[in-house]
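Here is a short briefing to read with the model open beside you. Take the topics in any order you like.

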Amino acid sequence: MTGGAARGPSALDRMIDRLVAQRACLARGAALVAGLPGPVLELGLGKGRTYDHLRHLLPDREIFVFDRSLHAPAPYVPDRAHLILGELTETLRTAATRLGGPAALAHADIGTSDRAADGPLAARVGEGLARRMRPGGIILSDRDLAVPGWRALELPTDAGTWPYFMWRVD
């Protein structure tokens, strides 16, 4: 017996939609920074899936990963030099010397199931990223980071319907 009819898409369908959007945006972002120097920033390691995907898309780039705590399986954890643990707003503020220069690409997967509640964190993360990006750099995010001076880009046609965001730093 079920507890009644479900409303809206299933949890599995929502996860698939999110991953389709992520994969399409990561591929487009990697292509857009092909000739642009600088490291990649991954905000939100989680289980390491997008970090691993970025390693495949950009095998010759340094990828710095930021997260509050570590809970990814060992094969998807960067080495100590490229893993920066702590509060995102603080670690973004203090990471300049570790990064060695402005970033070409940043991916921020910082959302929870409550988009409205994520707004203040997204604004602070956007401010922190603005200080770490090079002109022409690309930012991808599951939240609207709303930073002046970033130009919104059209999502890839294969990104599906999940809300995702892409910007170029002007």
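Two strands pair if DSSP finds at least two bridges between them; helices (H or I, at least four residues) and strands (E, at least two) are DSSP runs, numbered from the N terminus. By that rule, strand 1 and strand 4 run parallel and are joined by four bridges. Please keep in mind that this is a predicted model, in which local features need pLDDT of at least 70 and side-chain atom pairs count only at pLDDT 80 or more, while totals for chains, interfaces and linings use all residues. Residues are numbered from 1 along each chain as its sequence is written, and side-chain values use heavy atoms, with hydrogens and water left out.

**Strand 1 and its partners**

- In strand 4, A106 is the residue that stands opposite L41.
- Strand 1 also runs parallel to strand 2, again with four bridges between them, and here V40 stands opposite I63.
- Strand 1 (40-43) is covered on both faces: V40 and E42 are buried on one side, L41 and L43 on the other. Buried means under 20% relative accessible area, exposed means over 50%, and partly exposed lies in between (1.4 Å probe, protein chains only).
- In a regular strand the side chains alternate between the two faces of the sheet.

**Helix 2**

- Together, strand 1, helix 2 and strand 2 make a right-handed β-α-β unit. Right-handed here means that, with the strands pointing away from the viewer, the path from the first strand over the helix to the second runs clockwise.
- Helix 2 spans residues 49-57, and its buried residues are T50, Y51, D52 and L54.
- The cover over these buried residues includes helix 1 (11-32), strand 1, strand 2 (63-67) and strand 4 (103-108). Contact means heavy atoms within 4.5 Å.

**Salt bridges**

- The structure holds six salt bridges, each defined as a side-chain nitrogen of Lys or Arg within 4 Å of a carboxyl oxygen of Asp or Glu.
- One of them joins R18 to D109, with the closest N and O atoms 3.4 Å apart. R18 belongs to helix 1 and D109 to the loop between strand 4 and helix 5 (115-130), so the pair ties together parts that are 91 residues apart in sequence.
- R18 is buried at 18% relative accessible area, whereas D109 is partly exposed at 21%.
- R93 and E90 meet through their side chains in a salt bridge of 2.6 Å, N to O. Both lie in helix 3 (residues 88-94), three residues apart; R93 is partly exposed at 47%, as is E90 at 38%.

**Nonpolar cores**

- A nonpolar core is a set of buried Ala, Val, Leu, Ile, Met, Phe, Trp, Tyr and Cys residues joined through side-chain atoms within 4.5 Å.
- The largest core has 24 residues, and those touching the most other members are L41, L43, F66, I110, L129, I139 and L145.
- At least two residues of this core come from each of strand 1, strand 2, helix 3, strand 4, helix 5, strand 5 (133-141) and strand 7 (165-169). Helix 5 supplies the largest share, four residues.
- Another core, of 23 residues, lies apart from this one and has V33, L36, I138 and Y164 among its members.
- Beyond its neighbours within four places in sequence, F66 has contacts including L41, L43, I84, L88, L92 and L99.
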